[in-house]
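Read it with the coordinates open.

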Amino acid sequence: NLSDALKKLKITTTDSTADSLEGCLDCLLQALAQNNTETSEKIQKSGVLQVFASLLTPQSSCTAKVANIIAEVARNEFMRNPCVDAGLIPPLVQLLNCKDQEVLLQTGRALGNICYDSHEGRNAVDHAGGAHIVVDHIRSLCSKTDPASEKLLTVFCGMLMNYSNENDTLQSQLINMGVIPTLVKLLGIHCQNAALTEMCLVAFGNLAELESSKEQFAYTNIAEELVKLFKKQIEHDKKEMIFEVLAPLAENDVIKLQLVEAGLVECLLEIVQKTVDSDKEDDIAELKTASDLMVLLLLGDESMQKLFEGGKGSVFQRVLSWIPSNSHQLQLAGALAIANFARNDGNCIHMVDNGIVQKLMDLLDRHVEDGNVTVQHAALSALRNLAIPVVNKAKMLSAGVAEAVLKFLRSEMPPVQFKLLGTLRMLIDAQAEAAEQLGKNVKLVERLVEWCEAKDHAGVMGESNRLLSALIRHSKSKDVIRTIVQSGGIKHLVTMATSEHVIMQNEALVALALIAALELVTAEKDLENAQLVQILHRLLSDDRSAPEIKYNSMVLICALIGSEPLQKEVQSMAFLEVVSKLRSHENKTVAQQASLTEQRLAVES
């Protein structure tokens, strides 16, 4: 029957009656319903696709059936390009202007299916201007709630979704057409229609990845609509779909606050409470998504402060209760949430005064042996942030934070190493006694020297160098310097003086100046081997060196002259010339130091 129908179609399109045409098309639709793939292959081979282009006219009574056949064959990936090549897109797009609902429905399906995962299909629809017409239809149908209109809206939203999926250019085009406010309005009006809401959500998920879309979303009531929809969901899959839209939207600070005000946090806390003790796969996934989203909402300054409520907020209290929980996911989210709350001094001081440090140390203790890296990393992040305000340092040191952190020196995980170093560096800032104690800890110093060579992990390497320098700068202790010399740390401090970051260069030069002032004889050989004098000559000669680098380099030169071998190196390198030029430097402090250094060099020579 199918072969006959295809033959007939090829001959009869020119001079057939509508009835014989209808019969052939019905036969094709029946065959497609029974075996879509095989029938599609036959249709392609028969060359009938080209014939369809001439049948797609608003005047013909068969148009809806032809569009339906195209929609069915385009469900097969191998048929999409042939549909484009047969020139079907321009006539299909033209049909979007007609008034007949059935024609619009089948045309929308056909275009949507041809665009699915097909670069050529999308380009052809774009070229023919199809998206514009569809967006206009959605706008005019938006408020109609009769079943036929809702069906059409569902198809059109699906078509736009397939059209723009994973294509930034076409997504931007839709955003510029102002599709976002329309879709948000649609979601509000048709929230009872499951199929349509689902299409809207997938379309939002597509568009929400783009930065430009978030600005548009922020001007709509999307937060309110999504939270309202979320509260009604019982099925895991539906919640998951909404989560997939919420996560990219919640990266925008304005929307974060809107979500908090719309009551999303309460929904998330409820999910956590319901799923925390479950071992069902869906519940575990929901717990993870909800707690991750909670942490994301706390990344915005305004939303975070709103939930902190001066440390009295019920949300803050609930998050605290996650830390001693038995769920790794909740421990992780709890520690990350604390790290986010600890983004301003007031919050940090309040939390330390209210015993948060002990909770985090207990959590770390639980993970020394079983070594859950993400939890270790999160708890250390929280402690590092809490240690930033000056008043917290001594309190945290006397609570034993340094000892708790040192238990992770054995870790082979760069993220944990990085946070561990940062936490210790924050703790000893201007704390001479603690810096001395840690600086004499041979195990720690040896590990730092080892990490100073972690070329694969720039962060760990940088933080190790900075901590080495900080131990010297804050302790000003001869014992610490000797420990660092014995462990082979001097060469790393000299290398650090050539860093591309001025702050690190400066920290290195100040530490080296202290070494030269307090323990020059002990460090002499290492300083010579590390070619410090040549490096200082380079820093002083380079016009791009910052004023503080020039100043500290000259201070260091004056200190190095106290060592005979280093003084010889200084004399052999014509430092006088470089320094005398700096006497006229625009920075007064540099110019003054240049005069002093010149006098010292002149006396020594």
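α32 and α35 are oblique to each other, because their axes cross at roughly 40° and the roughly parallel class takes angles under 35 degrees. The model is predicted. The axes of α32 and α35 come within 9 Å. Their crossing is left-handed. On the α32 side, the contact uses Gly462, Arg466, Ser469, Ile472 and Arg473. On the α35 side, it uses Ile503, Met504, Glu507, Ala508, Val510, Ala511, Leu514 and Ile515. By class, the contact of α32 with α35 has 8 nonpolar, 2 polar and 3 charged residues.

α35, which spans residues 502-518, also packs on helix α36, residues 520-529. Here the axes come within 7 Å and cross at roughly 125°. α35 and α36 are therefore oblique to each other. From α35, the contact takes Leu512, Ile515, Ala516 and Leu518. From α36, it takes Leu520, Ala523 and Leu527. What classes do the residues of the contact of α35 with α36 divide into? They are 7 nonpolar, with no polar and no charged residues.

α3 passes α6 in a left-handed crossing. Thr37, Ser40, Glu41 and Gln44 are the α3 residues in this contact. Phe78, Met79 and Pro82 meet them from α6. The contact of α3 with α6 divides into 3 nonpolar, 3 polar and 1 charged residue.

The pairs are set out below.

| Helix pair | Axes come within | Crossing angle | Orientation |
|---|---|---|---|
| α32 and α35 | 9 Å | roughly 40° | oblique |
| α35 and α36 | 7 Å | roughly 125° | oblique |

The largest pocket has a volume of about 440 Å³. It is lined by 23 residues, and the closest to its centre are Met461, Asn465, Thr495, Met496 and Met504. Which helix gives the largest share of the lining of the largest pocket? α32 does, with 7 residues. α32 (458-475) and α34 (490-496) each supply at least two residues of this lining. By class, the lining of the largest pocket holds 9 nonpolar, 8 polar and 6 charged residues.

Four helices each supply at least two lining residues: α16 (222-232), α17 (236-249), α19 (264-275) and α20 (281-297). α19 gives the most, with 5 residues. The lining of the second largest pocket divides into 4 nonpolar, 3 polar and 8 charged residues.

How many cavities of 30 Å³ or more does the model have? The count comes to 1. The largest cavity has a volume of about 40 Å³. Its lining consists of Leu160, Met161, Ser164, Leu174, Val179, Leu183, Ala203, Asn206 and Leu207. α11 (147-164), α13 (179-189) and α14 (194-207) each supply at least two of the residues that line the largest cavity. By class, this lining has 7 nonpolar, 2 polar and no charged residues. For the second largest pocket, by contrast, the lining includes 8 charged residues.

Technical notes:
Residues numbered from 1 in each chain as written. Predicted model: local features only at pLDDT ≥ 70, side-chain atom pairs only at ≥ 80, totals over all residues. Heavy atoms only, no water. Left-handed = near helix turned anticlockwise from the far one by under 90°. Contact = heavy atoms within 4.5 Å. Nonpolar A, V, L, I, M, F, W, Y, C, P; charged D, E, K, R; others polar. 1 Å grid on protein atoms, 1.4 Å probe; cavity = no way out; pocket = protein on both sides within 12 Å on 5 of 7 lines; lining within 4 Å. Points joined across faces, edges and corners; volume = space filled by probe spheres on them. Axes fitted to C-alpha atoms, helices over the stretch in contact; angles between N-to-C directions. Parallel < 35°, antiparallel > 145°, perpendicular 65-115°, else oblique.
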